[in-house]
Amino acid sequence: MHRKMTGVLGAAFLATACAHGGVQGGKTGGETVSDADFGRLQAGQTGPVDEARQFLASARDESARAKLRLQQMQQEDDLAKADQQVADADAKRAEAQVRLANENREPAALESARKMTESAKIRHQAADARLDYANQLAAARQASVKAAERQVALGEARVEWAKLQALQQAGVPAATKYDAGGFQTRLNDAQKDFDTSMQKARELETQSTAAQQRWQDLQRQVQSPSAASTG
């Protein structure tokens, strides 16, 4: 998980606080509520925490799905590379046909060579477009994984903030040893990080969709030579 730390001293302070029951100088050294303190709440006092935990569970599910989608897109990359190989082979065959036609100078052979060259050109453009789409899709999927991880971090921050609020609302004395400002800062930072990464993921998804459309348009020309000649 990507939890923002305040530096080496902050990390050392957190470790020390945890080792000594989470208390130093009247305040805890991290933005987490101990299980012992949270256990002081009654069943009816944990409603906001339960809701925050549901959000966290959903975020973790989405993170797992995002990672799976990233793995699955490897197939698209493999197919794009296969298209490149086919396009290269077509181009070589077209070059050979052109050389043969130029030697014979027969009109039918020249026309056949011209059509083969045009077809090979369109196929290569489609293969290039598919590879570009695969690259764009990979970037979008990676950004989605990052955004999902940021959402998990946000969920964790929301759970801890809800725990502290529950302690405060219940009047549990242990609530006073926590730095509410630190919890709020962690929550705000997590929300900002998630919003930024989500915006980036959406932008890359839009770009990958446009790249997919370009590839599909060219692929239709490959499958319909008449459309290619009139396009």
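## Contacts and the model

Contact means heavy atoms within 4.5 Å. The model described here is predicted.

## Glu-160

Glu-160 sits in helix α5. Is Glu-160 buried or exposed? Its relative accessible area is 11%. Buried means under 20%, so Glu-160 counts as buried.

Which residues does Glu-160 touch, leaving aside those up to four places away in sequence? The list is Glu-31, Thr-32, Val-33, Phe-183 and Arg-186. Val-33 also takes part through its backbone. The backbone nitrogen of Val-33 is 2.7 Å from a polar atom of the Glu-160 side chain.

## The nonpolar cores

Two of those neighbours of Glu-160, Val-33 and Phe-183, turn up again in the largest nonpolar core. This core has 24 residues. Val-33, Leu-41, Leu-164, Leu-167, Tyr-178 and Phe-183 have the most contacts inside it. Helices α3 (47–72), α5 (107–169) and α6 (180–223) each supply at least two of the core's residues. Which helix gives the most? That is α5, with nine residues.

Now take Leu-167. With residues up to four places away in sequence left out, Leu-167 touches Val-33, Asp-37, Phe-38, Leu-41, Val-172, Ala-175 and Tyr-178. There is also a second, separate core. It holds eleven residues, including Met-73, Ala-126, Tyr-133 and Ala-211.

## How α5 meets α6

At what angle do α5 and α6 pack? The angle is about 160°, and the axes are 6 Å apart. Angles over 145 degrees count as roughly antiparallel, so α5 is roughly antiparallel to α6. The crossing of α5 past α6 is left-handed.

## Thr-117

Thr-117 is another residue of helix α5. Its relative accessibility is 35%.

Along the chain, Val-98 and Thr-117 are 19 residues apart.

Methods: Residues numbered from 1 in each chain as written. Predicted model: local features only at pLDDT ≥ 70, side-chain atom pairs only at ≥ 80, totals over all residues. Heavy atoms only, no water. Core = buried A, V, L, I, M, F, W, Y, C linked by side-chain atoms within 4.5 Å. Buried < 20%, exposed > 50% of the residue type's maximum accessible area, 1.4 Å probe, protein only. Helix = DSSP H or I, 4+ residues; strand = E, 2+ residues; numbered from the N terminus. Polar contact = N/O pair within 3.5 Å; in protein donor to acceptor, adjacent residues only side chain to side chain. Axes fitted to C-alpha atoms, helices over the stretch in contact; angles between N-to-C directions. Parallel < 35°, antiparallel > 145°, perpendicular 65-115°, else oblique. Left-handed = near helix turned anticlockwise from the far one by under 90°.
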